[in-house]
Every structure is written in structure tokens, then in C-alpha cells.
Amino acid sequence: MSAPSTGPGFEYDFATITFGILGKPQPNYHEVIRARAAEGWRLAQMVRLPTDQVELVFERPSRGPQDATRADGPAQQWNLSSPPPPAERR
């Protein structure tokens, strides 16, 4: 588990699941998802890594200004509510 990061209106957290011998996941991803849901997190995405791992991405609404920074510095802010500007045409 990593430290939560934030975006506009949401904070994000991550968990890595490793598939061991015979493909058995460690830790059990069902238990991870249920535990995070009990803490108010929603599974937003599963990302397959180029190894025998999957990263679970969780999100939940930001709870206020204390979520605006992380222990390792300010969170990178992304404006996801508006599309990027069109590329310049030459």
C-alpha cells in the first residue's frame, strides 16, 4: 500500500497484488477490495504491470484541505473536468 495521493476533488490510493506459484494472488484481492470499501474507497481501476503483478487503484472524494498534500510533497493536480486544448496546427 502506498500513501494516498490527491487530485481535484478526489484522493487516490494503490495496492499491489502479486500472483505467485499457480497464479494464487497475494494478498487476496477480494479481501483488499472489501477492506478498502469499508474505509470509503472505491475500486477505480486495475492495472496489469509488466511483471506478475496487478495494481489496484482506489479513489474517494477528498475530505478537505488536509488531503491536498502528501507526506512526500504536494500532490500533482490534474484538471480532468475539461478537455485539453487542441494541438497547434502548422
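Q: What share of the 90 residues in the chain is buried?
A: Let's take the term before the number. Buried means under 20% relative accessible area, exposed means over 50%, and partly exposed lies in between (1.4 Å probe, protein chains only). In this chain, buried residues make up 22% of the 90 residues. This is a predicted model, in which local features need pLDDT of at least 70 and side-chain atom pairs count only at pLDDT 80 or more, while totals for chains, interfaces and linings use all residues. Residues are numbered from 1 along each chain as its sequence is written, and side-chain values use heavy atoms, with hydrogens and water left out.

Q: How many helices and strands are in the chain?
A: Helices (H or I, at least four residues) and strands (E, at least two) are DSSP runs, numbered from the N terminus. Here you will find one helix and seven strands, and along the sequence they follow the pattern β-β-β-α-β-β-β-β.

Q: Which residues form the largest nonpolar core?
A: In soluble globular proteins, nonpolar side chains tend to be buried together. A nonpolar core is a set of buried Ala, Val, Leu, Ile, Met, Phe, Trp, Tyr and Cys residues joined through side-chain atoms within 4.5 Å. The largest one here has seven residues: Ala 15, Ile 17, Val 32, Trp 41, Val 54, Leu 56 and Phe 58. Strands E2 (10-19) and E5 (53-61) are the elements that give two or more residues to this core, and E5 gives the most, with three.

Q: Which residues is Leu 56 in contact with?
A: Contact means heavy atoms within 4.5 Å. Leaving aside neighbours within four places in sequence, the contacts of Leu 56 include Ala 15, Ile 17 and Val 32, as well as Tyr 29, Leu 43 and Met 46.

Q: In what sense do E2 and E5 pair?
A: Two strands pair if DSSP finds at least two bridges between them. E2 and E5 are antiparallel, with nine bridges; in one of them, Phe 14 has Val 57 of E5 as its partner. E2 is also joined to strand E3 (residues 25-26) by two bridges, again in the antiparallel sense, and there Phe 19 is partnered by Pro 25. The hairpin of E2 and E3 has five residues between the strands, and Leu 22 takes a positive phi near 65° in this hairpin.

Q: Which residue caps the N-terminal end of helix H1?
A: Asn 28 does, with a side-chain oxygen 2.8 Å from the backbone nitrogen of His 30; the helix covers residues 29-38. After H1 comes Gly 40, with a positive phi near 95°.

Q: Is Glu 59 buried or exposed, and what does its side chain meet?
A: A polar contact is a pair of N or O atoms within 3.5 Å; within protein, one must be able to donate a hydrogen and the other to accept it, and residues adjacent in sequence count only if both atoms are side-chain atoms. Glu 59 lies in strand E5 and is buried, with a relative accessible area of 11%. The side chain of Glu 59 makes polar contacts with the side chains of Arg 42 (2.4 Å) and Tyr 12 (3.3 Å).
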